[in-house]
Amino acid sequence: MSSLEWRGKLHFPSIIGKSRKELDDFVKEIDNYYTEWSEIKIDKKTNQPKRYKDGTIKERVIRPSKMPLKIIQKQIKDRILSLIELPDNVHGGVKKRSNITNAKPHQGKKYILTTDLQDFYPSITAQRVYDTFIELGFNTQCAFYITRLTTWKGELPQGTPTSTHISNIVFLKTDYKLIEFCNAHNITYTRYIDDLTFSSQLDFQDVIGEILEIVLQSGLKISRRKTLYSGSQTVTGIKIYLNKIDAPEKIITKVKEEKTLPDGTMKPYTNYRNNILKTNIRKE
């Protein structure tokens with residue numbers, strides 16, 4: 001049976017192990033299964049709150065799900081969402097991939113373009129989630145329950161087990177357009193959730209407009225402030241060099257501090273940097 005046939009015949013209640021009545025009750029009482037708070041956005045360079053042009057402090061709304069909805073969302077992720085194949089270019093929310101594997105393909109590239117999708121999760125509406133799953137061949141029952149059980153207040157909430165997977169799937173169509181364009185222009189492309197990175201040994205400044213236009217056609221906004229084009233950059237928190245990748249200076253400083261700790265003490269920054277550096281070891 002092809003993936004499209006399987007998706008079309010999927011009986012959502014059976015996959016999740018709940019009756020339709022139980023699922024409908026969850027949908028009706030969905031507001032009871034979320035909590036909500038706001039966090040001030042901090043500029044990583046200045047360590048100060050980010051502000052809009054009028055001086056208002058920027059905030060992000062965190063909306064984690066509560067039990068037992070969180071359990072159902074994990075089942076949706078493991079039993080449905082994880083079965084949808086993602087291209088190798090996608091690194092966020094994918095097993096055995098990370099910000100490190102996202103940065104590695106850009107090592108040694110002379111020209112690097114980085115950009116950021118603005119308000120990524122909140123910009124993905126419930127209607128868009130539903131339409132995406134219908135386009136992917138899922139039946140209306142499955143698309144309905146996935147949408148109602150993974151979105152809240154009409155959008156994708158930040159802080160649930162399913163939001164990263166859903167966002168990856170919604171952005172798939174744009175990913176494939178970018179992959180096709182970049183392959184035709186000898187450009188390496190990777191995405192880590194809302195961070196997009198492009199690199200090449202050749203100057204590709206003349207096609208940056210076309211790249212950004214493909215992204216904008218998705219209906220999402222780009223952070224112009226975070227759109228940078230240069231030969232030396234930090235990519236998803238990793239410093240890119242000609243022959244290696246490494247942690248940024250602030251992490252290296254933390255590693256030096258951890259060297260003074262007693263043996264047996266947890267050293268998260270040291271472990272993190274070691275995970276980066278081991279990618280530089282040549283395999284025989």
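This report looks at a helix crossing, aromatic ring pairs and charges over rings in a predicted model.

Residues are numbered from 1 along each chain as its sequence is written. Local features need pLDDT of at least 70 and side-chain atom pairs count only at pLDDT 80 or more, while totals for chains, interfaces and linings use all residues, and side-chain values use heavy atoms, with hydrogens and water left out.

**Aromatic pairs**

Rings of Phe, Tyr and Trp (its six-membered ring) pair if their centres lie within 6.5 Å; planes under 30 degrees apart count as stacked, over 60 as edge-to-face and the rest as tilted. By this rule the model has 10 aromatic pairs.

How exposed is Y229? Its relative accessibility is 24%, so Y229 counts as partly exposed, where buried means under 20% relative accessible area, exposed over 50% and partly exposed in between (1.4 Å probe, protein chains only). F120 and Y121, in turn, are both buried. Elsewhere, ring pairs join F12, F144 and Y145 into a cluster.

**Charges over rings**

A charge sits over a ring if NZ of Lys or CZ of Arg is within 6 Å of the ring centre and within 35 degrees of the ring normal. K153 places its charged end over the ring of W152, 4.7 Å from the centre. The charged end of K244 does likewise over the ring of Y241, at 5.4 Å from its centre.

**A helix contact**

With contact meaning heavy atoms within 4.5 Å, R128, V129, T132 and F133 in α7 meet I166, I169 and V170 in α9; helices here are DSSP runs (H or I, at least four residues), numbered from the N terminus.

Note on methods. Helix = DSSP H or I, 4+ residues; strand = E, 2+ residues; numbered from the N terminus.
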